[in-house]
Amino acid sequence: MIKIVTDSTAYLSEEAVRKHDIRVVPLYVHFGNEAFREGVDISDEEFYARLKAAPELPTTSQPSAGEFHEVFKELVDGGHEILTLTISSKLSGTWNSAMAAKDMQPDANISVVDSLSTSVGLELMVKAAVEAVDAGGSLQEITDQIEEIKAKMRLLFVVDTLEYLAKGGRIGNARALLGTVLKVKPILSLQEGAIEPMEQVRSKRKAVARMVELVEDELAESCSMAKVAVMNALVEGEADDLGHDLETRWTCATPLVSNLGPVIGTHTGPGVLGVAAYV
């Protein structure tokens, strides 16, 4: 049987993890000398409370190859094949750790996919992989399908400030916007796994509306067939409203709505709102 392994930045619900027996390898967030495994040692509520009060921005780090190897070995010993989906290699070293763990078991049937995404983009890929496994696809067939989805995935988001991305070193080409950070709400996207600036808008409300238009343009006339998810950090009400608006506007299936946990929240800060979609 094929088992799915991912990392904690997919922000899967406990129900989904339990129902589909998905293995989640956590990334780490560090407040000074304290290290916390995301989703294990610190809750989202605890993290954002500490983030607000922290004199310095926390840092994040990937799991070790040994942590992936431990999960892989258990599954391989159980007679399983493995499909692993990780956060973008341009945002984290997690994919490298998973690949190193794969190399430790050269005779095992393990596929490792660099999602070039994270959060709801990665979540949508995991969901597609679960459905493909349930449909009886082979490991190679499912890997190929996820690669196709990866190429079609669009993830855009609006941040309240670029401060967290800049301090965390994940700002990419959006660094050019820093001079106007106090005047605008930047619309950013993940393109080929890296953060790229899209547009600058004067208010968050207008920025979110424009973000939806940009995704809609990418989907062309296929909005009703799109798989859609909404991400947020401490603005769950806004995320629910956005999900409802998308469902009504695009007549698509009800979007997934997910909260950003500590690792991605470290780099975006609170208040972020984003959309991932593919057809």
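This is a predicted model: local features need pLDDT of at least 70, side-chain atom pairs count only at pLDDT 80 or more; totals for chains, interfaces and linings use all residues.
How exposed is Glu-216, given as a relative accessible area? Glu-216 is partly exposed, at 21%.

**Salt bridges**

Side chains of opposite charge can pair when their charged atoms come close. A search of the whole structure finds 15 salt bridges. Three of these pairs are set out here.

| Pair | N to O distance |
|---|---|
| Asp-160 and Lys-185 | 3.9 Å |
| Arg-210 and Glu-199 | 2.9 Å |
| Arg-249 and Glu-216 | 2.9 Å |

Arg-249 sits in helix H9 and Glu-216 in helix H8, so their bridge ties together parts that lie 33 residues apart in sequence. Arg-249 is partly exposed, at 46% relative accessibility.

Asp-160 and Lys-185 form a salt bridge. Asp-160 is in the loop between strand S8 (154-158) and helix H7 (163-168), while Lys-185 is in strand S9 (residues 185-191). The two are 25 residues apart. Asp-160 is partly exposed, with a relative accessible area of 29%. Lys-185 is also partly exposed, at 21%.

Arg-210 and Glu-199 form another salt bridge. It links helix H8 (residues 204-219), which holds Arg-210, to strand S10 (residues 194-201), which holds Glu-199. These residues are eleven apart. Arg-210 counts as partly exposed at 24% relative accessibility, and Glu-199 does so at 27%.

Salt bridges also form a network, which links Lys-3, Asp-21, Arg-23 and Glu-74.

**A negative patch**

Glu-236, Asp-240, Asp-241 and Asp-245 form a negative surface patch. Asp-245 lies in helix H9 (residues 236-250). Its relative accessibility is 45%, so Asp-245 counts as partly exposed.

Definitions and conventions: Residues are numbered from 1 along each chain as its sequence is written. Side-chain values use heavy atoms; hydrogens and water are left out. Patches are made of residues with over 30% relative accessible area and no salt bridge: like charges are joined within 9 Å, nonpolar side chains (Val, Leu, Ile, Met, Phe, Trp, Tyr) within 5 Å. Accessible areas come from the Shrake-Rupley method with a 1.4 Å probe; for residues, only the protein chains shown count as cover. A salt bridge is a side-chain nitrogen of Lys or Arg within 4 Å of a carboxyl oxygen of Asp or Glu. Lys and Arg count as positive and Asp and Glu as negative; His and the chain ends are not counted. The place of a charge is taken as NZ of Lys, CZ of Arg, CG of Asp or CD of Glu. Helices (H or I, at least four residues) and strands (E, at least two) are DSSP runs, numbered from the N terminus. Buried means under 20% relative accessible area, exposed over 50%, partly exposed in between (1.4 Å probe, protein chains only).
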